[in-house]
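Try each task before you read its solution.

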Amino acid sequence: MPQVSPLEFIERRVCSMTVGGCSIFMGAYAERMYGRMAQEKTGVQPDENRLREMTARIAEAAKEFRADRENRDSVSISKEGRDWLCSDSVYENMKDVDLLFANMYTDNVRQQEKLQQTNPDDPFWGNTGNQWLVFSQKLYESGFYENMSDQEVQAMENILDRITGGMDGLSSVLYNTGLSFHAHGNAEENSAGEFDFFNETSETLSMDLESSVAALQYFSEKYIGDDKLKEEFRGLIDQYHSHNTEILKNYQSPSEKMQAFTAGVYAGKYQGSALLHRFGQAVAGRSEEERDAGKYLGSVTHTDDEKENFKKESALLFEQLKQGISDWNTVWERLEKTLVDYTSGNSQKESVRSEVINQAASGFDRMQNYWSMLLQNEKKEL
């Protein structure tokens with residue numbers, strides 16, 4: 001799915017587009033930027049201030065691009081280059097790009113309107129793949145952002161964006177939403193929170209849901225002072241939990257399905273499968289130990305009571321993280337053990353436990369990322 005910042009759409013002048021008279025809220029920061037840009041006159045050649053702004057933005061982008069490199073040459077843009085970048089010819093050449101983005105936006109609006117019909121009373125269906133926007137819109141409409149700087153607004157939305165990242169990643173894939181809006185708009189910043197559709201198991205995502213609920217509660221307690229708004233925000237959190245619990249019901253990731261299939265093959269369910277032969281095993285590209293671990297995990301099942309106990313234990317540990325009852329390292333070690341014990345059926349075999357940890361890696365990166373932001377980056381390293 002294309003992942004773009006709301007500002008990227010604003011700069012292509014499609015922020016206010018509507019389909020069937022209904023526009024999609026793309027964030028408080030986006031609304032603020034659009035409000036300013038809407039006041040600018042169109043069809044006027046950029047003045048020197050605009051040229052300086054363009055140069056500064058390009059220089060900053062180039063600096064970030066080389067942030068991890070030893071060679072940090074200075075960046076300069078000639079006057080001719082600046083004039084060309086801001087010329088009519090460049091804007092003319094962008095028309096096709098504008099049209100592409102406009103079509104992507106309208107297709108996304110139609111898809112979201114269609115999904116909203118799944119349950120008209122559930123606002124998260126209308127923001128499938130961008131559930132953070134539901135929370136941000138509530139805050140925006142309540143005046144929460146009014147006295148904040150641009151940077152503060154973007155920081156608040158960035159946290160919300162990160163918190164719902166796992167559920168948004170899953171929903172984007174399952175329901176084929178066209179776009180994923182990101183508050184920060186920086187692909188590199190989002191690397192730790194990327195959703196790994198193939199490997200992230202239902203168990204990891206179930207833990208992430210409990211994590212994100214606790215994180216949203218912490219956000220409410222830390223940043224929202226108005227009691228009425230706080231109560232309404234908590235109501236949205238309850239809806240968010242119910243919405244995603246339903247989506248995760250009976251969900252299996254591609255890796256889980258593959259493991260279940262492999263277990264079925266070796267249990268005699270699929271006679272004649274290539275996996276039973278040496279050639280098929282080689283094609284699979286995995287060691288015998290890895291195949292055995294996957295085969296074992298594919299045979300593990302959970303009762304409804306076990307599923308509920310896992311959720312409760314996860315929620316309790318995230319509550320400890322919220323309250324500061326246990327230190328950062330201890331909580332994450334316990335969370336990892338809880339997930340591995342549950343997913344592996346309490347297996348003590350190292351290869352099996354390692355396989356669970358490997359599959360959960362991106363999920364734990366994502367959870368630790370947004371919790372470190374909420375807890376002001378204290379004790380980030382395990």
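**Exercise 1. Find which residues line the largest cavity, then sort them by class.**

Step 1. In this predicted model, the lining consists of Ile24, Asn108, Gln112, Gly126, Asn127, Asn130, Leu133 and Phe181.
Step 2. Sort them, with Gly counted as polar. The lining holds 3 nonpolar residues, 5 polar ones and no charged ones.

**Exercise 2. State how much space the largest cavity holds, and how many cavities are counted.**

Step 1. The largest cavity has about 30 Å³ of space.
Step 2. Apply the cut-off of 30 Å³ or more: the count is 1 cavity.
Step 3. Recall how such space is found. Rolling a probe the size of a water molecule over the atoms shows where empty space is left.

**Exercise 3. Describe the chain as a whole: its secondary structure, burial, contacts and surface.**

Step 1. The chain has 17 helices and 2 strands.
Step 2. Of its 382 residues, 45% are buried.
Step 3. Take the contacts between residues at least 6 apart in sequence. Of these, 77% join residues at least 24 apart.
Step 4. The accessible surface is about 20,500 Å², and carbon and sulfur atoms account for 48% of it.

Technical notes
Residues numbered from 1 in each chain as written. Predicted model: local features only at pLDDT ≥ 70, side-chain atom pairs only at ≥ 80, totals over all residues. Heavy atoms only, no water. 1 Å grid on protein atoms, 1.4 Å probe; cavity = no way out; pocket = protein on both sides within 12 Å on 5 of 7 lines; lining within 4 Å. Points joined across faces, edges and corners; volume = space filled by probe spheres on them. Helix = DSSP H or I, 4+ residues; strand = E, 2+ residues; numbered from the N terminus. Buried < 20%, exposed > 50% of the residue type's maximum accessible area, 1.4 Å probe, protein only. Contact = heavy atoms within 4.5 Å. Areas by Shrake-Rupley, 256 points an atom, 1.4 Å probe, with all protein chains shown as cover.
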